Amino acid sequence: MRRALVLAGGGYVASSWEIGLVVGMIDAGLDVRDADLFVGTSAGARVAIDLTSGTSLEAVYQGRAGLPPPGSGRTEAAPAIDWPRIRTEVEAARREGGSTTRILQRYGSLALALATGHAPGRREAVAAQLPTQLWPEQRVLIAAVNAETGERRVFDRESGIALVDAVIATTASFGAMPVAFENHHYIDGGYFSSDNADLAAGCDRVLILALRSPPQAMRLVSIEEGVEKLRAAGAEVEVIHPDEATLAAMAATGGQMNPASGPPAAIAGRLQGRLAAGHVASFWRGT
């Protein structure tokens, strides 16, 4: 029985909630870090590395919950982002239609036009935040989008790309510098799909941790489409979204688009993980 853990994007809030959820399940006796495959998209890729690096997950959780240990790494300066322009041009790209690849080509053109910041500086900051500079022994897939062709690219330890560059690529949302690799530029894999769950095809059981996409989400392929493909291929799939208590905790700080929601999302996620562990264990272990 091959099992996959899919970790969706959604910024600092998503990664905080996902870490809390996994730690809560461990508290209750279920450790999903024994998955055969990890699929990470955008912020979810950072979580995948945290889970497979062998680092102290409790320390990671404490950092997410707002209690960072001394020397926990550099932070990145947020680039100035022209959101009105982005929303207008994204809507236009989708309205023009065509294939998913064609729409993502338009996204890529916009991303390249908006790219700001100093790429080496960002690389240094992200490298300091990761628990390891080496690809894990466990299989990890990191999804990105080729800005020139609009095609999805899946990076793993056989791709020839450094781990830190793969993480930067999958988190290169509008306004950030895309990653140059093999004569192409790569941007956030969440523009194709916030979860890229279909990459877990071939596994028998797939557990997906994902925020619910907001109405203004820019991803083109929904989580429902990915789940449908997996089930059609014979996989059993379980999706965990934030529960009501987690949503209430985030709402008090402005909702999941507000970075201030990260710490309460981590704390509420841990409680949710403890409550969900029994049900998830039956699914995960096939009992």
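Start by selecting helix 3 (residues 57–64) and helix 10 (residues 262–285): their axes come within 8 Å and cross at roughly 135°. This is a predicted model, so keep that in mind as you click around.

On helix 3, pick Glu58, Tyr61, Gln62 and Arg64; on helix 10, pick Gly262, Pro263, Ala266, Ile267 and Arg270. Colour them by class and you get four nonpolar, two polar and three charged residues.

Next stop: the nonpolar interior. In soluble globular proteins, nonpolar side chains tend to be buried together. Here the largest nonpolar core has 54 residues. To find your way in, select Leu5, Leu51, Phe155, Leu207 and Leu209, the residues with the most contacts inside that core.

Zoom in on Leu5. Which residues is Leu5 in contact with, leaving aside its neighbours within four places in sequence? Select Val32, Ala35, Leu37, Phe38, Val39, Leu51, Leu207, Leu209 and Trp284.

Last, jump to Asp165 in helix 7 (residues 163–170). Is Asp165 buried or exposed? Buried means under 20% relative accessible area, and Asp165 has 19% relative accessibility, so it counts as buried. Show what surrounds Asp165: setting aside neighbours within four places in sequence, its contacts are Arg123 and Val179.

Note on methods
Residues numbered from 1 in each chain as written. Predicted model: local features only at pLDDT ≥ 70, side-chain atom pairs only at ≥ 80, totals over all residues. Heavy atoms only, no water. Core = buried A, V, L, I, M, F, W, Y, C linked by side-chain atoms within 4.5 Å. Buried < 20%, exposed > 50% of the residue type's maximum accessible area, 1.4 Å probe, protein only. Contact = heavy atoms within 4.5 Å. Helix = DSSP H or I, 4+ residues; strand = E, 2+ residues; numbered from the N terminus. Axes fitted to C-alpha atoms, helices over the stretch in contact; angles between N-to-C directions. Nonpolar A, V, L, I, M, F, W, Y, C, P; charged D, E, K, R; others polar.
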